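Open the model in your viewer and switch to the cartoon view. We will walk through it strand by strand.

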Amino acid sequence: MSHEGIRVATKQEQANQEARNQPLAKIAVTPEKVRVLMTEGKGLEIDWADGHKSAWSFAWLREACPCATCVDERAQQGREPGQPRPKPAALLPMYAPPPKPASAHAVGRYAIQFNWADGHSGGIYSWEYLRRVCQCQECRFSRDEAAGTPN
Ligand SMILES: [Zn+2]
Ligand SMILES: [Zn+2]
């Protein structure tokens, strides 16, 4: 349970913002293997050319959609990419199936696009974007570290 109330830009968010502006090495944003675990309904896995491995669930990816509409919506709600949207308490609970793509395809050599089962398909997930939002422990830890180090 998270309490979404008044939000100010935290140190962490500022550090994330700064980290986002740092260029990444080519080898860090070149996928060696891309696996879309569609039948399992699990998510996306990428092995990068620098030996790093990343994995994201479809639910996470759906909430991290990089299209302009979703980016705006998250900015308004103060959500980080992948952070679930707040549940509207006033509405009747509706069954929402876990997000998963009906299909996925490569966009040129730089990105992947999902056609989500809910009909949304505008988001183009570039390799660079995905690498920057890697959810492995190591990356999450180093993003936290960066946030804790003033400069
Ligand atoms: Zn979107
Ligand atoms: Zn990582």
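How many bridges join strand β4 to strand β5? Select residues 101-107 for β4 and residues 111-116 for β5. Six bridges join these two strands, and they run antiparallel. Keep in mind that this is a predicted model.

Zoom in on one bridge. Click His-105, then look across to β5: its partner there is Gln-113.

Now go to the turn. β4 and β5 make a hairpin, with three residues between the strands. Pick Gly-108 in that turn; its phi is positive, about 55°.

You now have an open sheet of three strands in the order β4-β5-β6, paired antiparallel. From one strand to the next, the twist averages 25°.

Stay with β5 and β6. Three bridges join them. Select Ile-112 and find its bridge partner in β6, Tyr-125.

Move on to another sheet. Which strands make it up, and in what order? It is an open sheet of three strands, β1-β2-β3, with antiparallel pairing. Select 31-36 for β1 and 53-57 for β3: these are the edge strands, each pairing on one side only. Neighbouring strands here are turned by 10° against each other on average, ignoring direction.

Finish with β2, residues 43-48. Five bridges join β2 to β1, and the two run antiparallel. Click Val-36; its bridge partner in β2 is Leu-44.

Strands of a sheet pair through backbone hydrogen bonds, either parallel or antiparallel.

Note on methods
Residues numbered from 1 in each chain as written. Chains lettered and ligands numbered in written order. Predicted model: local features only at pLDDT ≥ 70, side-chain atom pairs only at ≥ 80, totals over all residues. Pairing = 2+ DSSP bridges. Helix = DSSP H or I, 4+ residues; strand = E, 2+ residues; numbered from the N terminus. Axes fitted to C-alpha atoms, helices over the stretch in contact; angles between N-to-C directions.
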